[in-house]
Amino acid sequence: MTQTASTFQTLILEPHPGVLVIRLNRLAALNALNDRLMDELQVALDQAEADPEVRAIVLAGSDKAFAAGADIKEMADKTAAQAMAENFITRNWERAADCRKPLVAAVAGYALGGGCELAMMCDIVIAADNARFGQPEITIGVIPGAGGSQRLTRSVGKAKAMDMVLTGRTIDAVEAERCGLVSRVVPLASLMDEALAVADKLATLPPLALMAAKALVQAAFETPLAQGIKQERQAFHAMFALEDQKEGMAAFLEKRKPAFKGR
């Protein structure tokens, strides 16, 4: 069922030309990720992906917290049988990772546990200088469950991932950029301007080529090099069947701005 911006209880949707900003809105709980929020995020991303007017998406929280983690109150009494029967996390958390359109995370404040994992599901992570990242699940008797042990290791390497996952240590934005967890760090006051500028740029680029490029970069984490190069070459060749390829190259030769149409 299609939801309008006013019907979401845990999200605020802010449309811009070519860009949709999805803002997590459980401020009293530091944007803790409960089942309702993740269900609504799944719906919002479904709608954004189906809307041809939306070419890029920005996912943001508040100045104090992107998301401080999964909602502990909702999980504390859960049994293993319940978690398995409900398909907990798998049922509605991976939608962000599966989004085909470019997804920019604007991270300020806490991005811990599930919040860090949600940020890592995005394509470009822009961090405010007050951002803090971590996987502190070990300190409450569990382990990361939404990809933290896997995506974090692929992003920052074994040594840093072991340090963060085994001790629960958090890192600041500077360290996060240094070890490859975030794309860039900006002053808090500039965070949304920077994220929107990136999304605005993405919205001017050829959407089908963006989807293909995104899928190939994601596949690089799981594909042997020779196979990945082959997939890249096949996708590159396929671009020459698109109108956007003709438009992009003609605009370059004619020294004008291209008008990409997604076909």
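Guide: Two strands pair if DSSP finds at least two bridges between them. Strands themselves are DSSP runs (E, at least two residues), and helices are runs of H or I of at least four residues, both numbered from the N terminus. By these criteria, four strands form an open sheet of mixed pairing in the order S4-S6-S8-S9. This is a predicted model, in which local features need pLDDT of at least 70 and side-chain atom pairs count only at pLDDT 80 or more, while totals for chains, interfaces and linings use all residues. Residues are numbered from 1 along each chain as its sequence is written, and side-chain values use heavy atoms, with hydrogens and water left out.

Visitor: What makes S4 and S9 stand at the edges?

Guide: Strand S4 (65-67) and strand S9 (170-172) each have a single partner strand, so one side of each is left without a neighbour in the sheet. Neighbouring strands here are turned by 20° against each other on average, direction ignored; the axes are lines fitted to C-alpha atoms (for helices over the stretch in contact), and angles run from 0 to 180 degrees between N-to-C directions.

Visitor: How do you know that S4 and S6 pair?

Guide: Two bridges join S4 to strand S6 (residues 110-112) in the parallel sense, and pairing requires at least two. Ala-67 has Ala-111 in S6 as its bridge partner.

Visitor: In what order do the strands of the six-stranded sheet run?

Guide: The order is S1-S2-S3-S5-S7-S10, in an open sheet with mixed pairing. S1 and strand S10 (184-186) are at the edges, because each has a single partner strand. The twist averages 20° from one strand to the next.

Visitor: Why is S2 called mostly covered?

Guide: Buried means under 20% relative accessible area (exposed is over 50%, partly exposed in between; 1.4 Å probe, protein chains only). Six of the six residues of S2 (residues 19-24) are buried. Val-19, Val-21 and Arg-23 cover one side, and Leu-20, Ile-22 and Leu-24 the other.

Visitor: What makes a space a pocket rather than a cavity?

Guide: On a 1 Å grid over the protein atoms alone, a cavity is a set of points where a 1.4 Å probe fits but cannot get out, whereas a pocket is an open set with protein on both sides within 12 Å along at least five of seven lines; lining residues have an atom within 4 Å of a point. The largest pocket is lined by 26 residues, with Met-120, Cys-122, Asp-123, Gln-218 and Phe-221 nearest its centre. H10 gives the most to this lining, with six residues.

Visitor: Which residues lie nearest the centre of the second largest pocket?

Guide: They are Ile-72, Met-75, Glu-137, Ile-140 and Val-142, from a lining of 26 residues.
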